Amino acid sequence: MNKDKLKIGIYELTGCAGCALLILDCEMELIDIFNAADIQSFLMAKSDNIDGELDIALVEGSVTTEKEIEELKDIRERAKVVVAFGLCASVGGIQARFGNKEWKENYKKIYGDIEMTHTKSVQSQPIDAYIDVDLYLPGCPVGKEQFLHFFTRALKGAPPEKYPRPVCVTCKYNENDCLLNKGIPCLGPLTADGCGSVCPNHNLPCQGCWGPAEGANPTSEFFLLKEKSFDIEAIKKRMSNYSGTKLAEFFEQFKKESK
Amino acid sequence: MKKISVDHLARVEGSGGISATIDGKIISDVKFSIYEGPRLIEKLTIGRTPEEDVSMSPRICAICSVSHKNAVLRAMENALDVKISQKSYLLRELMHMGEFIESHSLHTFYLALPDFLGFPNAIAMASKYEFEVKIALEMKHFGNHIMKTLNGRYIHGENAVIGGFGKYPYREELLQIKARAIHFMPFVFKTVTLFCGIDYPDCPDSPTLYACCEPGDNKFGFWGDEILLSTGKTFPRDEYKKLTNEFVVSHSYAKHSLYQDKPYSVGALARIVNLGERLKGEAGKMYKKHYSSKWKSNPFFHNAARSLEILYSFERIPELVDEILKLQEDTSRVDYSAENGKGTGLVEAPRGLLIHHHEITEKLVSQVDIITPTAQNAEDIERYCHVAAQKLLDEGKEDQIRDRMDIIVRAFDPCISCSAHMAEVKNAPKNNWKIQLEEVTQKGDSAFIGVGNPTLSDDGAGIKLARKLKNAGIQDVLLESEIEQDEDLWTNDSDRPLIFLDAVDFNEDPGKVTLLPLHLIINNISLSHRLLPTISGLINYKKMKNAYVLGIQPDSLQKGNQLSAPVEKAINEIKQLLTDKGDSKEQ
């Protein structure tokens with residue numbers, strides 16, 4: 001392989017494998033992706049994988065076993081840049097909703113008392129619970145455009161594009177009728193952008209699957225929902241579906257800023 | 001003893017591994033492990049609304065997200081008594097075709113074909129098979145395009161909702177899908193010829209039971225309200241547990257399934273075996289041309305079956321679009337008012353039967369049970385890997401075991417995220433039997449059964465050992481002649497391990513002791529042993545998995561009632577170990 005090419009590793013922890021699959025879903029760009037960069041490791045796509053020094057590691061999935069903690073630490077040591085690739089790696093995924101106690105109870109309900117021999121499980125956590133993360137690309141799964149923008153910029157050494165705004169911004173560009181005005185509790189104001197406002201485009205309320213929005217003043221959005229007399233508890237409960245371990249922190253900021 | 005393993009199965013969706021342990025001439029253990037941790041998906045949606053559940057539960061798996069979507073929708077709509085319009089019904093079928101084309105073209109060309117053409121991956125294959133690689137990518141893209149048009153996104157689309165769709169696609173979009181499907185037909189025929197024509201390696205042949213959805217009306221299809229077995233038996237959707245009988249194993253976060261205590265297979269091959277006769281049109285012609293009875297007993301034919309299903313899907317798409325466009329305009333979404341109910345939804349995911357059961361209590365989800373195809377295939381994956389590994393070992397091709405297991409696992413197109421990476425071969429340590437016997441006897445109060453013929457010198461080792469154990473005061477020791485009297489041993493549901501004591505010819509040094517699971521011995525024709533044929537009749541598969549043979553390599557099987565010196569030594573060693581253990585227990 002060409003020495004000048006960026007060395008990239010794509011790793012899967014626990015999740016639905018959708019973010020890794022999304023790379024294979026770039027059908028028309030796939031051969032170019034493999035030619036433009038030196039893809040050192042990508043288990044879903046190839047058998048001849050090498051675990052060496054990397055320029056960029058894309059890590060998808062959340063951490064749910066002790067083995068994965070070790071793997072993740074090893075990836076961090078080998079890679080200059082680690083990207084939390086997708087919602088699971090960024091916030092822990094839908095599987096990170098339970099507190100420790102609730103998780104243990106539910107684990108027992110499904111697996112009983114059986115001792116696992118291959119690896120011990122831990123409650124699901126985003127990767128930044130164990131290592132430093134350089135960049136977050138959320139989404140369930142990551143948007144194809146988001147990935148391609150990131151990838152082509154990385155090839156040119158340019159900084160990644162961020163999406164510091166909620167879904168509402170793109171939804172307005174798409175000229176959708178606001179569902180909130182129709183009394184439908186849409187999570188667009190609180191959810192990170194990047195999906196292209198796909199649900200409102202289909203006349204459906206946003207489910208929140210890009211996780212909590214950053215920047216662009218979500219606090220005022222939150223209070224707007226309150227003003228419009230939406231049930232805040234129900235909204236929090238729905239936000240919790242895709243906010244993983246970052247939910248509490250997200251709602252905490254509204255309390256602080258309102259004081 | 002040696003262990004061969006593929007720790008990280010490549011070219012599969014998700015992370016898992018398969019391992020085989022070699023003890024001398026025997027494959028003593030095969031395990032299909034899922035390393036992905038538990039996500040407790042079935043508990044995550046409890047207390048959520050049915051709509052949130054429909055959004056979240058397909059997140060189990062990206063590559064089967066549309067199958068999960070259709071399964072959860074069918075379950076919810078059964079539970080809440082929602083009758084969707086004919087247009088929504090057909091659009092969902094079209095969406096399902098998109099997933100089959102996407103998943104099957106990815107699997108056959110990218111994940112499986114490099115195995116049969118000798119490349120590490122599909123991109124490397126592109127240097128020689130550029131046309132196939134590129135067109136297959138376009139085919140995959142087309143499948144994704146259908147899913148995006150219907151469901152809003154490639155992966156985890158949200159447009160399909162309880163009652164129908166958020167928004168219907170435009171007429172022009174559907175006409176474009178029809179035109180592209182027709183445009184692909186020449187390549188689709190090439191695909192069938194390619195995958196039905198591959199000279200698949202012997203697995204070796206081993207028949208199994210196949211299960212799939214019964215589409216009804218003597219049609220081929222990817223969903224239904226009944227489960228159909230290759231024996232012809234059917235179950236109504238709500239009685240799915242009669243088939244699946246899930247249980248937890250300690251080496252995997254995916255539960256395993258057995259039907260009547262036997263492994264069964266689901267997937268493309270199951271559908272073609274059970275329903276292939278019903279294929280019409282070009283798919284029907286190709287089925288008649290290529291299908292033969294050997295497909296039934298070799299999992300590599302999953303790939304041939306997938307190619308027939310690709311053809312079926314491409315033929316079905318233009319029909320579907322025509323049927324949809326003939327229908328009157330209606331509202332895309334039907335409302336519902338039910339607040340309680342329970343329902344089961346059955347669909348065929350590309351890798352096999354997928355079952356969703358959801359219960360609603362006062363507008364919120366109260367119970368969820370999801371049974372995925374890979375979990376149902378896990379037992380059969382282990383069984384096929386074991387027979388194949390043993391055959392290679394018998395032929396002296398130990399170096400090929402790892403790769404062969406890797407390919408067998410892949411043939412099932414396991415979707416590990418939804419069950420939960422992949423092949424390993426290990427050599428066991430010396431005197432491994434001592435460690436293993438310790439492990440087994442810790443599981444519960446073991447029963448020992450002496451087997452053999454004391455008038456044929458070393459063949460009497462099992463019987464003589466049993467008598468020694470009895471005399472030493474060890475509980476629950478039986479002789480061959482006594483086993484049928486003790487019915488309790490066979491019928492109770494306890495986890496008591498059964499340990500048969502027998503002379504087994506492993507072609508090893510005389511006196512060598514090996515502890516093996518009984519099913520490995522019974523399935524191994526190259527071993528000579530005395531185990532009664534009646535044992536297979538007395539014992540079910542699950543119980544068999546908790547039964548073992550403590551085998552002693554005989555020296556002589558001549559007439560006579562003396563044991564050879566190495567065998568005598570071995571049985572004394574075993575007796576010593578077991579009596580020491582007994583003593584330490586009493587203290």
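First, the ground rules. The model is predicted, so local features need pLDDT of at least 70 and side-chain atom pairs count only at pLDDT 80 or more, while totals for chains, interfaces and linings use all residues. Residues are numbered from 1 along each chain as its sequence is written, and chains are lettered from A and ligands numbered from 1 in the order in which they are written.

Let me start with chain A. Chain A has 11 helices and 7 strands; these are DSSP runs, H or I over at least four residues for helices and E over at least two for strands, numbered from the N terminus. Its radius of gyration is 19 Å, close to the 18 Å from the globule rule for 259 residues, so chain A is as compact as a globular protein of that length. That radius is taken over C-alpha atoms, and the rule is 2.2 Å times the number of residues to the power 0.38. Along the principal axes, the C-alpha atoms of chain A fill a box of roughly 60 × 50 × 35 Å.

Of the 259 residues in chain A, 49% count as buried. Buried means 20 or more other C-beta atoms within 10 Å of the residue's own, exposed means 12 or fewer, and partly exposed lies in between, with C-beta atoms placed from the backbone. Contact means that two such C-beta atoms lie within 7 Å. Among chain A contacts between residues at least 6 apart in sequence, 75% join residues at least 24 apart.

Now one residue. A:Pro200 sits in helix 8 of chain A, residues 198–201. Leaving aside neighbours within four places in sequence, its contacts include A:Cys171, A:Cys186 and A:Cys206. A:Glu77 is 123 residues away along the chain, and its C-alpha atom is 41 Å from that of A:Pro200.

On to chain B. Chain B has 21 helices and 19 strands, and 59% of its 587 residues are buried.

I will take two helix pairs within chain B. Helix 4, residues 86–117 of chain B, packs with helix 6 of chain B at about 155 degrees, the axes being 8 Å apart. That makes helix 4 of chain B roughly antiparallel to helix 6 of chain B. Axes are lines fitted to C-alpha atoms, for helices over the stretch in contact, and angles run from 0 to 180 degrees between N-to-C directions. Under 35 degrees is roughly parallel, over 145 roughly antiparallel, 65 to 115 roughly perpendicular, and the rest oblique. The crossing of helix 4 and helix 6 of chain B is left-handed, meaning that the near helix is turned anticlockwise from the far one by less than a right angle; clockwise would be right-handed.

Helix 7 (residues 171–197) and helix 11 (residues 302–326) of chain B pack at about 160 degrees, with axes 9 Å apart. Helix 7 and helix 11 of chain B are therefore roughly antiparallel too, and their crossing is left-handed. Their contact residues divide into 21 nonpolar, 3 polar and 3 charged. Nonpolar covers Ala, Val, Leu, Ile, Met, Phe, Trp, Tyr, Cys and Pro; charged covers Asp, Glu, Lys and Arg; the others, Gly among them, are polar.

Last, a pair across the chains.
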